Amino acid sequence: MGNISKKFTGIYDRYVDKIYRFIFFKVDSREIAEDLASETFLRGWREFRNNRDIENPPAFLYKIARNLVTDYYRTKGKIQFLSNESILFSDPRTNLEEESFLNSDLKLIKKTLLQLKSDYQNVIIWHYLDDLPIAEVSKLLGRSEEATRMLLSRALKELKKQLEVA
Amino acid sequence: MDEKELISKIKELRQIKPREEWVLLTKNQVFSLDRKSTFSERFSEFLEIFPRIFSQYKPALVSLILVGALLGTFGFAQNALPGDLLYTLKKITEKSRAIFVSKEEKPKASLELANKRLEELTKIAEQNQVKKLAPAIEEYQQSFSEVTKIASQIKEPKQVRKILPKIAELEKNIENLKSYGVEVGEAENTEGLYKPMAESLIKDLEGRSLTENQLKILEEAKKLYEEGDFSSALTKVLEASQIQ
């Protein structure tokens, strides 16, 4: 058991920032990103501890994170809001706190990145923010490396286009 | 901005990081799962240290301690919310109690459970426990589905009258949930109950011999039912059933 937990500690230390940031870009709230990221690692550890043959731990963690984000939005869709004032999920105060260190350019890029479709967001986050090589990103996407490179190129073009319009 | 500049700016978003205290807390939380699972192993080791005379009573002692722990756990479980570790235990306790509920009491008992699920959902919404919302909603939906199933089997007007206060309580809880910005869907609010009950009672009355007055009110009930005003249809059909 000791070896497995040591191994997962290493995975945790290496990916906690990345998983948190990946989720944060999807939900745009520190509180929610923390909750979902905690849950990602809790589930990841449970699976890992049962000695499942997990070949690619980061891919496995990103998959859990993506599923949790999907569930989160599914829940959000089930719940109707009476008015904008009664929004349950996003606390603007915590977002202001987070964003205080970002200059206006970065705030705009972040906001625009949030508006891109999921595949474009993912490929940009994984390759440029998380430094995953194309080979690894292609495995996460379930596409060939060539298709991943093309997707990345289209994602950047789209981001640039949206920034010019903003 | 050219592509190179854009990529450089994107990389600056790496500044977005989690809080250090959250990172440490989560790490501790994740790996505390590991510590809990070895508790039973360590407890056995603890008992082995003592002399033989103690180990003769080990089975009884272990049973006593287990019973004590269980009772304590059951107590704590009653406050558990959907998504909590002890929530399953709470549901098991409820299910075991439900075995002893008579057929006549089932509609009332099922409504009480649905109200309980709504109260849990309200607590979660009040405390903004986002992670628990999805399981809490599902729990409420399941309990409401059970209520609808049971309600559609009610044929006696007196049974309907018996549960009307519980339905009113459910309506009150649904309103209360709204104040936290959460609104249940149409399928899961009380209109969803009135329909099967009104339908069941209308069918039942149609199979009986009725006075002219009863027939007239029954026709009004059917008209309201067709218009989708199920609560009024139910009121009318209850009125018709009361006339001698």
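Let's start with the second largest pocket: 18 residues line it, and B:Glu94, B:Ala98, B:Ser110, B:Leu113 and B:Glu146 lie nearest its centre. A pocket here is an open set of points on a 1 Å grid over the protein atoms alone, where a 1.4 Å probe fits, with protein on both sides within 12 Å along at least five of seven lines; lining residues have an atom within 4 Å of a point. The volume is about 560 Å³, meaning the space filled by probe spheres set on points joined across faces, edges and corners.

A quick note on the source: this is a predicted model, where local features need pLDDT of at least 70, side-chain atom pairs count only at pLDDT 80 or more, and totals for chains, interfaces and linings use all residues. Residues are numbered from 1 along each chain as written, chains are lettered from A and ligands numbered from 1 in written order, and side-chain values use heavy atoms, without hydrogens or water.

Now, friends, the interface. In chain B, 40 residues are in contact (heavy atoms within 4.5 Å) with 50 residues of chain A. Together the chains bury about 4500 Å², 67% of it on carbon and sulfur atoms; that is accessible area (1.4 Å probe) lost on being put together, summed over both. B:Leu13, B:Ile16 and B:Trp22 supply 14% of what chain B buries against chain A, more than any other three residues.

And which residue forms a salt bridge with B:Lys27? That is A:Asp13, with the closest N and O atoms 2.9 Å apart; the rule wants a side-chain nitrogen of Lys or Arg within 4 Å of a carboxyl oxygen of Asp or Glu.

Key. Buried area = accessible area lost by both parts, 1.4 Å probe.
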